[in-house]
Amino acid sequence: MAHGCLESVSNSLKETIRDGGIHGWIAVLGLFTCFVARVGVTKGMGMMLPTLQEQFVTSTWLIGWMVAFVSSGGAFSGILATPLKERFGARTVVTVSGIVAGISMISASFLSSLYAITFLLTVSGAAIGITYIISKHLVGSFFTKSLTTAYGLGYMGSSFAFIAVVPLIQLFLDIYGWRGTMLLLGALLLHIAVCGALMKPLAASGSRDGYEAALTYEEQETGEDKRAPNNHCGCFNKVYLFTRDTFQRGLFSSTSFWFIVCISTVRLITYCAWLVYYVQYTTVYKGFTMEDASHFIVAYGIGKAVACLMIAPIIQQVQFVSKYTWLAIAVLILAIYYAVDPWLMSYWPITGNACIFGIAFALTSILIDVVIKEIFGKEQLGHVLGWMGFMTGLSLILLLYFPGLIYDLTGDYTVAFSLMAGAQLLSVAAAFWLHWRHKGEKSFR
């Protein structure tokens, strides 16, 4: 029996490796690197929050808003990723974006104006956002049967960042200060350009991923009249056709699209708030040391690694439970985390809770991408991801300062975390609606 089990695992591993091919796994490497960069920049800024607040003599919510602009830069740029890829090619766009991201971060380390630093870091975030969408789109295009596992391995970059990069950032802050840390982060971002130089887009071919039925069904919901509006102004017609075809505005008529946007936006707003304010939340509000806070973050990273390496492949094999149900369960766990964590004041319960949070967040990240491809197909995957990021970025600009403002006014994070838990419950309802809406369609294999 042991031999048969081992042989089954070996065959499954070989099938997974063959599914994407060499260029598919290069895309996974690119996604891995993008996650390391995104977490390194966002979490690094969060860890610098007390230092920057003291250096520039400003309030908590203002620094949090600055980080929101940096994160939003990556989110807003997502809608440009697919049009740029189609015009210049994935290799060129990712390579140039990696160079821009690295140089912007390095340049910011030499500046003394908070506004100038914010501008350059926003440019860096925008470049990372473009590479992030393109990498996810390529992974979704290359992989079919092993998509959940491929996304899981790509998302391991986030786990690696929390386990290895975040402690390094703390070490860099202690030794080199915030300027030296930004300089080293810029060097890290230049690795994206190396991955971009190795990328190759999927050759144009007929559909081979089994999504024809789901895509046709969704096209009925999102489809627009392919003719331009009856208007005598030729310039208006050209603009109309350009925006419709380039940015896929037909997605806005899809109910499924808006429910996915709801799940993704709520998840990322609460997560970014957690990233930005967690160090202050654990050290100032709960009274732990910076070393303890880094331990909690590492526990979160370990949870993400467990989800990516072990749980995601299991979900791929469990066919009798839909991806929508798994997504709803993962989002519900996120809601429970935000509701419970403010009441935990001991080291080990907080550590365990952070690990569970990491598992749930990683699973939602993977499953949202799988569900998007299942509903819209690989042809619209990049556009959906781009618009989803744009909506998230707009929400970050408007709302990410809010937890810091609540803390400045009340000296308590419990209210902010309770609001984040309530918002997650809306995402649970949205996930179950998607399950009901698409339960008759062909499930992902």
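1. In the largest nonpolar core, which has 119 residues, Tyr271 and Trp274 touch the most other members. The model is a predicted one.

2. Beyond its neighbours within four places in sequence, Tyr271 is in contact with Val39, Ser158, Phe162, Tyr300, Lys304, Tyr338, Phe357 and Phe361.

3. Several of these residues return in the aromatic network. A cluster linked by ring pairs takes in Tyr271, Trp274, Tyr278, Tyr281, Tyr300, Tyr337, Tyr338, Phe357, Phe361 and Phe417. The structure holds 27 aromatic pairs.

4. Helix H12 covers residues 323-340, 18 residues in total. From first C-alpha to last it reaches 26 Å, close to the 26 Å expected at 1.5 Å a residue. Its buried residues are Lys323, Tyr324, Thr325, Leu327, Ala328, Ala330, Val331, Leu334, Ala335, Tyr337 and Tyr338. The buried residues of H12 pack against helices H6 (147-189), H10 (255-285), H11 (290-317), H13 (347-376) and H16 (414-438).

5. On the spacing of such positions: an α-helix has 3.6 residues a turn, so residues three or four places apart point the same way.

6. Two arginines lie over aromatic rings. The charged end of Arg38 is placed over the ring of Tyr132, 3.9 Å from its centre. Arg87 lies over the face of Phe88, with 5.0 Å to the ring centre.

7. For the protein chain overall, there are 16 helices and zero strands. Of its 445 residues, 56% count as buried. Among contacts between residues at least 6 apart in sequence, 85% join residues at least 24 apart. The chain exposes about 18,400 Å², of which carbon and sulfur atoms supply 70%.

Note on methods: Residues are numbered from 1 along each chain as its sequence is written. This is a predicted model: local features need pLDDT of at least 70, side-chain atom pairs count only at pLDDT 80 or more; totals for chains, interfaces and linings use all residues. Side-chain values use heavy atoms; hydrogens and water are left out. Helices (H or I, at least four residues) and strands (E, at least two) are DSSP runs, numbered from the N terminus. The expected span of a helix is 1.5 Å times one less than its number of residues. Buried means under 20% relative accessible area, exposed over 50%, partly exposed in between (1.4 Å probe, protein chains only). Contact means heavy atoms within 4.5 Å. A nonpolar core is a set of buried Ala, Val, Leu, Ile, Met, Phe, Trp, Tyr and Cys residues joined through side-chain atoms within 4.5 Å. Rings of Phe, Tyr and Trp (its six-membered ring) pair if their centres lie within 6.5 Å; planes under 30 degrees apart count as stacked, over 60 as edge-to-face and the rest as tilted. A charge sits over a ring if NZ of Lys or CZ of Arg is within 6 Å of the ring centre and within 35 degrees of the ring normal. Accessible areas come from the Shrake-Rupley method with a 1.4 Å probe; for residues, only the protein chains shown count as cover.
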